[in-house]
Amino acid sequence: MGERELLCTIWLTLVFGYGSKRPAELIEKFGSAYNVFQNGIEQLHFGRLSESVKLAFQQKDLTYAEYVLEKCNRDKVQIVCIQDKIYPELLREIPNPPVVLYCKGNIERLSGRMFTAVGTRKLDDEGKNIIDDFIPPLKNAGFTIVSGFADGAEAYIHRSIGKTITV
């Protein structure tokens with residue numbers, strides 16, 4: 001994907017918000033994020049819009065998307081779009097997959113066997129013992145542990161095991 005398409009994809013997620021289905025629907029309908037960016041609101045035909053979305057399509061300003069791209073490059077954060085070959089296939093299958101992923105580390109870990117960990121933020125010794133018994137067999141079986149990296153149990157898991165992902 002070229003830089004222009006990448007910037008327009010980032011721009012779409014900024015305009016509609018990261019959880020919105022609109023960017024994916026518009027990219028599919030118009031063939032590319034750049035085509036969506038080039039069209040006006042009248043050509044897009046997607047019903048009622050907030051004033052901020054209308055203003056974004058009137059101004060067509062990529063400045064903040066450029067800032068996001070520069071910051072990611074500086075911080076060594078990989079940007080993966082849903083159109084990219086390396087986008088995780090299982091993630092592509094969920095309802096409303098994210099159009100853009102910002103990744104630090106090995107994105108290929110999102111393509112293997114995964115186990116999600118959610119736990120208390122006030123981890124005691126008993127909880128640590130349970131984690132120490134429960135998680136290593138999953139790691140040895142080739143699972144990647146995924147969590148939100150909250151304090152407590154999740155942070156303990158990530159510090160204890162090397163192959164993890166935080167979301």
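Let me start with the cysteines: this structure holds zero disulfides, a disulfide being a pair of cysteine sulfur atoms within 2.5 Å. Cysteine 81 is in no disulfide. Its nearest cysteine sulfur, that of cysteine 103, is 10 Å away. As a reminder, a disulfide is a covalent bond between the sulfur atoms of two cysteines.

A word on the source. This is a predicted model, where local features need pLDDT of at least 70 and side-chain atom pairs count only at pLDDT 80 or more, while totals for chains, interfaces and linings use all residues. Residues are numbered from 1 along each chain as its sequence is written, and side-chain values use heavy atoms, with hydrogens and water left out.

Cysteine 81 has 0% relative accessibility, so it counts as buried. Cysteine 103 is buried too, with a relative accessible area of 11%.

Next, the sheet. Helices (H or I, at least four residues) and strands (E, at least two) are DSSP runs, numbered from the N terminus. Two strands pair if DSSP finds at least two bridges between them. Here three strands form an open sheet, in the order 3-4-5, with parallel pairing. Strand 3 (114-116) and strand 5 (164-166) stand at the edges. Each has a single partner strand, so one side of each is left without a neighbour in the sheet. From one strand to the next, the twist averages 25°. That angle is taken between N-to-C directions, on a scale from 0 to 180 degrees, using axes fitted to C-alpha atoms.

Look at strand 4, residues 144-147. Strand 3 pairs with strand 4 in the parallel sense, over three bridges. Methionine 114 stands opposite threonine 144 in strand 4.

Now the loops. Most residues other than glycine have a negative phi. Lysine 76 has a positive phi, near 60°. Lysine 76 lies in the loop between helix 6 (63-74) and strand 1 (78-81). At 67% relative accessibility, lysine 76 counts as exposed. Asparagine 96 also has a positive phi, near 55°. Where is asparagine 96? It sits in the loop between helix 7 (89-92) and strand 2 (100-103). Asparagine 96 counts as partly exposed, at 31% relative accessibility.

Glutamine 58 is exposed, with a relative accessible area of 60%. Glutamine 58 and glutamate 93 are 35 residues apart in sequence. In space they are 33 Å apart, C-alpha to C-alpha.

How many cavities of 30 Å³ or more does a search of the whole structure find? One. A cavity is a set of points, on a 1 Å grid over the protein atoms alone, where a 1.4 Å probe fits but cannot get out. The largest cavity has a volume of about 30 Å³. Its lining includes Thr13, Tyr18, Pro97 and Val99.

Definitions and conventions. On a 1 Å grid over the protein atoms alone, a cavity is a set of points where a 1.4 Å probe fits but cannot get out, and a pocket is an open set with protein on both sides within 12 Å along at least five of seven lines; lining residues have an atom within 4 Å of a point. Grid points are joined across faces, edges and corners, and a volume is the space filled by probe spheres set on the points. Buried means under 20% relative accessible area, exposed over 50%, partly exposed in between (1.4 Å probe, protein chains only).
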